[in-house]
Amino acid sequence: MSERLPTSPAFWRSPLRGPRLTSLLGVVLLAGITVLFVTGLVSYAAYNPNLSPVNDKTPDKGLLGFYLFAWPTDPPWLYRLNQGTHVTLGIALIPVLLAKLWSVVPKLFELPPARSLGHAMERLSLLVLVASALFEFVTGVLNVQLDYVFPGSFYPLHFYGAWVFFAAFVAHTVLKTPTVLRNIRRERGEGKGEKGELVSPRPDSPTVSRRGALQLVGGSSLFLLATTAGQNFDGPLRQTAVLAPHGGSEPGSGPGGFQINKTAAAVGIRADETSDEAWRLVVEGRRTVRLSRAQLHELPLYSAALPIACVEGWSTGNQWWRGVRLRDLAELAGYDQGQEPDLFVESLQRRGAFRRAALRDNQVRDPRSLLALYVNGEPLTPDHGYPARIIVPAAPGVLNTKWVSRLTFGDL
């Protein structure tokens, strides 16, 4: 067999590859990916996707929807914590994933393709694992960076990709756990005399130790963590998130100078349709009422300090919102207090995902859930949803609909 071909073990000359290095990287990924998968499921559940088709971006999910539950409103920072952890950890694990893939790449070219049934299962799980891992991390990073260059919607691609990845990950973990534990228990060393899979029969002279390689991987992860995590905080910490679209300086000053995803201009909201003369809120239920902004001001107004947290992993600190409680609007629509139903929200926005959204009855019932008219003591700006927007504790940012035009109360 020619040593110039990747199918030959002698083709791979790095002295760093070996069972112990691969096993250590695998243990880190095992812990990290488990957290990613759990927080991903929790994030998906936060949309209440089985409440209404408009919230569910993954049709025909079938049995994969078994974990869904009514999303709570307490603590109000729950989604902020969950999604910040999911995105920040995912980005920090990229160097570990790349190092792990580098360490096992000779296995992808190994001949014969299958020596036994067990070996064939291991090879198959490895191929699926590598492909799905790259797919999940690449689509996740592109989503965080707001670069939607992949075909189709991010939600179903990432959702189904996660299940394929996790199935391959579990299969590979089960098959390789005995080997990993055996490799980690071996005495430490820099590879002298190390035997087993992945060890080159003709290694080049080392230019860095395995410990140094691990330090490089760990340092790279810490760098990504330090330059991304700040997008979950306000003040000076946000300015450290230089690799995140919602890091750096705030987009403005004053009461409305905090992060947004969509501007009014970007989604085609016109000033003539949001003016006090033109805009009316339609509230439907057992009866229908139409309210101007002035008439909304005649209703009792309440305040709530709530953050905004988005699926891309960024969030704001608490902003002071003031407006009409959703449960009071449900009463206007003919429902008794304590018997508030679900809510279907429609926006003036004409295109794009989540221009319509559904909220569960527990979200409507929470006294902090508002149709907000003000933020931080001033009327909403156009980019923050003027003339009115939804704000609900612990809800993903896309469910806090901006430029609201219609509220329909009833069972969904």
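# Chat about cores and cavities

User: Which residues does the UniProt annotation "domain: Oxidoreductase molybdopterin-binding" cover?
Analyst: Residues 275-409, according to the UniProt record, which is an unreviewed entry. The structure here is a predicted model.

User: How much helix and strand is there over residues 275-409?
Analyst: That part of the chain is 13% helix and 33% strand. Its end C-alpha atoms are 25 Å apart.

User: Which members of the largest nonpolar core touch the most other members?
Analyst: L296, L326, L329, L371, I390, L407 and F409, out of 40 residues in that core. Elements that each supply at least two residues of this core include helix 9 (326-332), strand 7 (370-375) and strand 10 (404-409).

User: What is F409 in contact with, leaving aside its neighbours within four places in sequence?
Analyst: Among others, V283, L326, L329, Y335, L343 and V364.

User: New topic. Which residues does UniProt list for "transmembrane region"?
Analyst: The unreviewed entry lists 21-47, 86-105, 126-145 and 157-175. In the model, residues 21-47 are 93% helix and 0% strand, and residues 86-105 are 95% helix and 0% strand.

User: What lines the largest cavity?
Analyst: It is lined by 29 residues, with L36, G40, H86, E136 and H158 nearest its centre. Helix 1 (19-45), helix 2 (78-92), helix 4 (117-144) and helix 5 (154-185) each supply at least two residues of the lining. By class, the lining has 19 nonpolar, nine polar and one charged.

How values were computed:
Residues are numbered from 1 along each chain as its sequence is written. This is a predicted model: local features need pLDDT of at least 70, side-chain atom pairs count only at pLDDT 80 or more; totals for chains, interfaces and linings use all residues. Side-chain values use heavy atoms; hydrogens and water are left out. A nonpolar core is a set of buried Ala, Val, Leu, Ile, Met, Phe, Trp, Tyr and Cys residues joined through side-chain atoms within 4.5 Å. Buried means under 20% relative accessible area, exposed over 50%, partly exposed in between (1.4 Å probe, protein chains only). Helices (H or I, at least four residues) and strands (E, at least two) are DSSP runs, numbered from the N terminus. Contact means heavy atoms within 4.5 Å. UniProt positions are given in the numbering used here, feature names are shortened, and annotations may be inferred rather than shown by experiment. On a 1 Å grid over the protein atoms alone, a cavity is a set of points where a 1.4 Å probe fits but cannot get out, and a pocket is an open set with protein on both sides within 12 Å along at least five of seven lines; lining residues have an atom within 4 Å of a point. Ala, Val, Leu, Ile, Met, Phe, Trp, Tyr, Cys and Pro count as nonpolar, Asp, Glu, Lys and Arg as charged, and the others, Gly among them, as polar.
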